[in-house]
Amino acid sequence: MALTGRAALVAALGSLPVGILGPSWAGMLAVNVPLALAILGDYALAAPVRTLQFTRSGDTSVRLGDTAAVQLTVTNPSRRRLRAQLRDAWPPSSWCSEAEQASSRHEFAVPGGERRRLTTILRPARRGDRVADRVTVRSLGPLGLAARQGYHRVPWTVRVLPPFTSRKHLPSRLARLRELDGRTSVLTRGEGTEFDSLRAYVPGDDTRSIDWRATARQSTVAVRTWRPERDRHILVVLDTGRTSAGRVGDVPRLDAAMDATLLLAALATRAGDRVNLIAYDRRVRAQVQCRTAGGNVLPALVSSLATLEPALVETDARGLSTTALASAPHRSLIVLLTSLDAAPVEEGLLPTLPQLTRRHTVLVAAVADPHIEAMAGSRGTVDAVYEAAAGAQAQAQRRRTADQLRHHGVTVVDAAPNDLAPALADAYLTLKASGRL
Amino acid sequence: MTTAAAAPTTSESRTPRQIWHRVRGMLLAVLILVVAGVALAAARSGGQHGRLDPRSPDPYGSRAVAELLRDRGVSVDVATTLAEAAAATGPDTTLLVARPNMLTAHQQQRLRAATADSAGRTVLIAADGPSVSRLAPGVRPESHRPVAARTPRCELPAARTAGTTDMGGVHYTAAGGETTACYPDDDGIAPLLVLRGHGAGDTVLLGSPDILHNARLDQQGNASLGLQLLGSRPHLVWYLPSLDDPSTAQGGSGDQDDSGDDGTEGANGFLGLIPSGWLWGTLQLALAAVLAAIWRGRRFGPLVTERLPVVIRASESTEGRARLYRKADARDRAADTLRSATRIRISPLLGVSPRDADSPAVLLPAVAARLSTPSGDLGALLFGPAPADDAALVLLTDQLDALEREVRTS
């Protein structure tokens with residue numbers, strides 16, 4: 001049962017007849033007994049809430065920053081007309097602002113035996129799954145004095161996917177990939193190390209690529225073309241430990257790493273490589289296996305990354321390299337997205353690195369903090385100079401750590417969040433071009 | 001989602017049956033509590049009910065003595081308010097105050113004022129504490145003693161006639177004035193004290209009410225003493241103080257003087273001046289306010305909770321280190337770090353490998369060769385001692401920047 005503002009208003013207006021006509025208990029009763037009866041009658045005549053039937057339909061996934069529409073169909077099986085207010089409750093992060101939350105409230109009427117469809121617009125503020133909470137219905141009586149209130153549980157989940165903002169870099173990297181592939185008509189010796197085909201010599205071709213045996217067999221001069229290797233294995237290892245929770249700008253490091261992962265995966269899939277993924281801190285948080293070469297792994301990747309959250313624990317580096325080795329049976333490019341903080345790398349990663357580099361090519365990518373760069377450049381006051389010293393110290397430490405990793409034969413990519421994805425893609429293309437995959 | 005999944009069972013609100021199942025335990029507990037309370041109250045109220053009431057036939061009532069007095073031609077009237085009791089005082093009246101301790105200080109003062117000059121008799125039953133000094137000035141209450149049969153040992157005719165009676169309770173001593181103490185203990189304090197006032201009036205302090213109880217009236221000389229104490233005047237006013245006496249509310253804590261009364265009467269008068277229509281209208285508005293509170297208080301579904309992500313800035317530890325440097329005045333560490341950073345930055349510009357950036361023998365000649373007009377002491381700038389104060393540190397930073405700019409542009 002719920003009262004409306006109208007009931008309170010009628011009671012307030014009742015003070016006029018009580019005060020003017022009957023200032024006594026009798027006057028009070030004369031006003032309030034009919035009001036109470038009207039409220040009770042209104043409550044009794046309101047359409048029942050418990051028997052309402054609900055179904056949902058609409059979007060099940062949305063990219064972060066876009067809007068999702070979820071429909072809720074209300075069926076009124078009773079013979080009474082349903083005049084109701086409805087709140088379709090979702091977690092607060094399903095909207096970016098308070099004002100947008102108003103779209104979860106609906107006011108509508110359904111005649112007996114009919115149905116209506118209501119649409120709730122979500123614009124989630126964070127990655128992850130949004131699970132619908134209860135649907136609260138307030139069914140008003142014919143006079144609008146009282147209402148029946150009840151709840152319904154109508155499950156629905158909207159998965160909010162990572163935004164993949166770095167996909168704007170994809171066309172330029174694909175163009176570079178095509179250059180590598182020899183598909184464009186460049187007269188330089190085709191990059192790559194895998195033999196592709198023989199073709200007739202064209203003036204301007206690199207004379208080193210002339211295949212003399214083939215030329216001897218036929219009347220024209222033949223040159224070999226080369227293409228980059230295909231069907232290589234790439235294993236992306238996301239470190240979801242405590243260092244990935246640190247925010248650079250307003251975004252956790254993990255999100256920047258995910259963005260880079262998605263660009264790399266999109267590029268590698270086009271290049272015909274197989275991309276696998278592990279997210280690990282002290283146990284495997286997510287794992288995606290690509291079954292076929294060139295198969296589109298991106299949807300599976302995006303979906304499993306959507307619900308990944310940083311865990312506030314120290315990453316188990318030994319377990320991480322063991323898991324990586326176990327899930328990379330073939331020679332692979334292992335892309336380790338972690339941090340370049342001195343302690344975790346020196347104590348955790350460095351001792352286990354030889355196991356990885358023995359069979360695999362290892363690339364470590366880390367998110368640098370532009371704020372530390374700004375700190376290192378601050379000047380003028382004493383505080384600013386001390387900040388600069390601390391910033392420079394942090395940068396030197398980072399550089400030292402990166403040097404240590406390079407010493408082990410690891411390729412290191414260290415870039416600010418916005419530049420990490422293109423930098424990682426470039427590093428991948430460079431490795432591919434030099435045939436190190 | 002299929003329609004099959006959308007069964008009518010999506011409702012989460014409780015059915016009337018579920019509500020009944022939930023609240024019936026509570027209702028049962030409340031019922032047991034009420035029944036037990038009523039039963040206990042009924043069982044325990046027996047002896048105490050109508051204590052010292054001249055209309056009560058209970059063991060602790062006093063109907064027997066009142067009836068005996070009536071038989072002897074004394075009129076017995078019950079007063080429950082101070083106004084009645086005060087109005088009834090007079091030279092031919094005995095005023096019995098059954099529970100003087102229950103009266104507020106203000107009431108006691110009014111009672112004293114009414115009885116002091118009335119030339120009647122006032123009997124105070126078991127007066128104790130500060131009420132004694134207000135109702136019978138000059139008398140002091142002493143310790144409590146158990147009720148027992150005692151001999152009078154005094155000159156009061158009534159006591160002498162009655163002989164041994166059940167006496168006890170509060171004992172009194174008189175500081176002065178014309179008093180008679182009866183049934184005294186060995187240390188001189190007595191449970192029955194007669195204090196003569198002005199004229200023919202007197203005040204009788206009785207330490208315990210036992211001689212007037214129905215249960216004990218026929219024992220010892222209780223009846224005799226009671227009849228003589230209460231029957232000395234043709235009228236007896238039996239004052240039973242009650243809480244619904246309007247005079248209890250007056251005077252506040254009792255230490256105020258009469259001006260407080262005027263204030264309350266003034267407020268009554270002000271309320272009395274408001275037309276009743278306004279009062280009733282306001283009452284109706286209050287009812288409307290309650291309805292509005294119910295309207296606004298009903299939530300439209302519960303709050304939805306969710307797990308929030310942690311918010312840690314990645315640069316937090318570096319900022320902390322900067323503040324730590326500042327607090328410790330670590331100019332040496334700061335200068336070392338800044339010099340080293342500059343050396344690392346300029347070494348590739350000079351064709352010096354980063355490994356040699358920290359050796360003065362390699363770096364300094366390279367810098368000197370690069371700059372056409374070397375400004376100042378390069379060795380002191382790039383490898384010198386820690387600055388002496390904060391100003392020197394800021395200056396050093398500026399000089400390092402200037403050097404780096406110079407190397408870049410040369």
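## Contact between the chains

In this predicted model, the contact between the two chains draws on 75 residues of chain A and 60 residues of chain B. Chain B and chain A together bury about 5,900 Å², and carbon and sulfur atoms account for 63% of that area. The size of an interface is often given as the accessible area lost when the parts come together.

## Polar and charged pairs across the interface

Three salt bridges are counted between chain B and chain A. A salt bridge links A:Arg126 to B:Glu306, with 3.4 Å between the closest N and O atoms. Residue pairs in polar contact across the interface of chain B and chain A number 22, with both residues of each pair at pLDDT 80 or more.

## The chain B side

On the side of chain B that touches chain A, five elements of chain B each give at least two residues: helix 9 (276-297), strand 10 (312-313), helix 10 (316-328), helix 11 (331-350) and helix 14 (390-409). Helix 9 of chain B has the largest share of this side, with 13 residues. Sorted by class, the side of chain B that touches chain A consists of 31 nonpolar, 16 charged and 13 polar residues.

## Largest cavity

Rolling a probe the size of a water molecule over the atoms shows where empty space is left. Searching the whole structure gives three cavities of 30 Å³ or more. The volume of the largest cavity is about 80 Å³.

The lining of the largest cavity is made up of A:Asp239, A:Thr243, A:Ser244, A:Arg253, A:Leu254, A:Ala257, A:Leu337, A:Thr338, A:Ser339, A:Ala365 and A:Val367. In chain A, helix 6 (253-270), strand 19 (332-338) and strand 20 (361-367) are the elements that contribute two or more residues to this lining. Helix 6 of chain A contributes the most, three residues. Five residues in the lining of the largest cavity are nonpolar, four are polar and two are charged.

## Second largest cavity

The second largest cavity, with a volume of about 40 Å³, is lined by B:Leu111, B:Arg112, B:Thr115, B:Thr122, B:Leu124, B:Leu135 and B:Thr203. Two elements of chain B, helix 4 (105-116) and strand 3 (121-125), each provide at least two residues of this lining. Helix 4 of chain B provides the largest share, three residues. By class, the lining of the second largest cavity has three nonpolar residues, three polar residues and one charged residue.

Definitions and conventions: Residues numbered from 1 in each chain as written. Chains lettered and ligands numbered in written order. Predicted model: local features only at pLDDT ≥ 70, side-chain atom pairs only at ≥ 80, totals over all residues. Heavy atoms only, no water. 1 Å grid on protein atoms, 1.4 Å probe; cavity = no way out; pocket = protein on both sides within 12 Å on 5 of 7 lines; lining within 4 Å. Points joined across faces, edges and corners; volume = space filled by probe spheres on them. Helix = DSSP H or I, 4+ residues; strand = E, 2+ residues; numbered from the N terminus. Nonpolar A, V, L, I, M, F, W, Y, C, P; charged D, E, K, R; others polar. Contact = heavy atoms within 4.5 Å. Buried area = accessible area lost by both parts, 1.4 Å probe. Salt bridge = Lys/Arg side-chain N within 4 Å of Asp/Glu carboxyl O. Polar contact = N/O pair within 3.5 Å; in protein donor to acceptor, adjacent residues only side chain to side chain.
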